[in-house]
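Thanks for coming. Please have a look at the model before I start.

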Amino acid sequence: MMPYVVITYLCLSILLYLLLGGADFGAGIMELFTRSKNRSAARQTMSHAIGPIWEANHMWLIIAVVILFVGFPRIYSVMSVYLHIPLLIMLMGIIARGTAFVFRHYDAVKDRMQQLYNRIFALSSAITPFFLGVIAASVLAGNIDFETTDFLSAYVFSWLHWFAVAVGVFTVALCGYLASVYGIGEAHTEVDKRYFIRKTRTMTVIAFAAGGQVFLAAYIDGVPLWQWIFGNVVGTAAVVLATISLGVLAYAVGQGWTVLPRLLAGFQVTMILLAIGYWHFPDFIVVKNGVNLSLLNSQAPLATMNALGWALLLGSIFILPALYYLYYSFQREAEEVAEAVH
C-alpha cells in the first residue's frame with residue numbers, strides 16, 4: 001500500500017512542479033519575447049503574480065528529489081551519475097534566476113545593474129526548464145548505457161541528442177504558454193489583458209510547432225514516440241481531450257474569462273504527461289540493452305517505503321493547508337489591487 005502512496009506523491013510532485021514552477025519560469029521566458037515598449041508593464045504584472053510565491057514552487061521539485069533519494073535510491077544514483085551535467089546546469093539556472101529576481105526587486109540602488117539582473121533572470125528562466133526537459137527525455141530515450149566505458153558515451157551522449165534537445169525546447173514553450181494564460185487573470189487593466197491574450201495566441205502556435213519538432217526529432221533518433229502516445233487507448237484519449245480543450249480555451253479567452261483558461265491550460269499539460277507516462281509506467285529510466293529501472297523494481301526496503309509514505313501523508317496535513325492559505329492570501333491581495341485600479 002505505502003509504496004503506491006509514495007509513487008502517487010512522486011507523480012503529483014512532478015506534475016505540480018511543471019504546472020506551477022513552469023508558469024513561474026514562463027514569466028521570465030515571456031520577457032525574452034516581449035518588445036521593449038511592453039516589457040516593463042508585462043514584467044510588473046508577472047512579478048506581482050509570482051513574486052510572493054515563486055520560491056514555494058520549488059518545494060515540489062524538492063519533494064520529488066527527496067522521494068527519489070529515499071524511496072528509489074537506484075534511480076536517484078543513476079540519474080545523478082549519467083545525467084549530472086544537465087542536472088548541474090539546471091540547478092545553476094535555478095540559483096541564478098532566484099538571485100537575479102531578488103536583486104532586481106530588493107536592491108537598494110537602482111542603476112545599470114538592473115539590466116544585468118533582468119538578462120540573467122530571463123535567460124535562466126529559459127535555460128532551467130530547457131534542461132528539465134532534456135533530463136525528462138533522457139531517462140526515457142534509452143541512451144543510458146551501463147556497459148559503456150568512455151566518458152562521452154556515458155556522460156554526454158546519454159542526454160545530448162536531438163530528441164532530448166527537442167523536448168527541452170518543447171518544455172520551454174509549454175512554460176511560456178502556461179505563463180501567458182495565467183497572466184490573463186493577473187492583468188489589472190484592459191491594455192495588459194489584451195497583451196496577455198495576444199501572447200497566449202502566439203505561445204499556442206509556438207508550443208504546437210515545438211511539439212511537432214519533438215515528433216521529428218524522435219523519428220530521427222529512432223525513439224518510438226508515436227507508439228508511446230497512440231499505441232494505447234489512454235494516450236490517444238489524452239491527446240484528443242487536450243486538443244478539444246484547446247478549442248474551448250480559445251473560446252473562453254475570447255469571452256474574457258480568466259479562471260477556465262487556467263484550468264484548461266493545466267489540464268492540457270496534465271494530459272501530455274499522462275499520454276507519455278501511461279505507456280512507460282512503472283518504468284522510470286529506460287536503459288540501453290538492459291533491464292529498465294522501474295518504480296517497482298528499484299524501491300528501497302519496505303520498512304523505508306512505509307516510513308516515507310507515512311511521512312508524506314502526515315506532512316501533507318501541515319503543509320497543504322498552509323500552502324493553500326499562502327496562495328489565497330496573495331490572490332486576495334491581488335484582487336484588492338485590481339479593485340483599486342478600477
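Let me start with a contact: Tyr-17, Phe-25, Gly-28, Ile-29, Glu-31 and Leu-32 in α1 meet Asn-118, Phe-121, Ala-122, Leu-123, Ser-125, Ala-126, Thr-128, Pro-129 and Leu-132 in α6. Contact here means heavy atoms within 4.5 Å. Sorted by class, the residues where α1 touches α6 are 10 nonpolar, four polar and one charged. Ala, Val, Leu, Ile, Met, Phe, Trp, Tyr, Cys and Pro count as nonpolar, Asp, Glu, Lys and Arg as charged, and the others, Gly among them, as polar.

Some housekeeping. The model is predicted, and local features need pLDDT of at least 70, side-chain atom pairs count only at pLDDT 80 or more, while totals for chains, interfaces and linings use all residues. Residues are numbered from 1 along each chain as its sequence is written, and side-chain values use heavy atoms, with hydrogens and water left out. Helices (H or I, at least four residues) and strands (E, at least two) are DSSP runs, numbered from the N terminus.

Now the geometry. The axes of α1 and helix α6, residues 113-141, come within 8 Å and cross at roughly 135 degrees. So α1 is oblique to α6; angles under 35 degrees count as roughly parallel, over 145 as roughly antiparallel, 65 to 115 as roughly perpendicular and the rest as oblique. Axes are lines fitted to C-alpha atoms, for helices over the stretch in contact, and angles run from 0 to 180 degrees between N-to-C directions.

What does α1 meet in α12? Leu-15, Leu-18 and Leu-19 in α1 meet Gly-266, Val-269, Thr-270 and Leu-273 in α12. By class, this contact of α1 with α12 has five nonpolar, two polar and no charged residues. Helix α1 spans residues 2-32 and helix α12 residues 259-280, and their axes come within 10 Å, crossing at roughly 140 degrees. That makes α1 oblique to α12.

Next, a helix by itself. The buried residues of α5 include Met-90, Ile-94, Arg-97, Phe-101 and Arg-104. Buried means under 20% relative accessible area, exposed over 50%, partly exposed in between, with a 1.4 Å probe and protein chains only.

Last, the loops. The peptide bond from Phe-281 to Pro-282 is cis, with omega near 10 degrees, and Pro-282 is found in the loop between α12 and β1. Asn-289 lies in the loop between β1 and β2. Phi of Asn-289 is near 55 degrees, a positive value in a residue other than glycine. Is Asn-289 buried or exposed? Asn-289 is exposed, with a relative accessible area of 64%.
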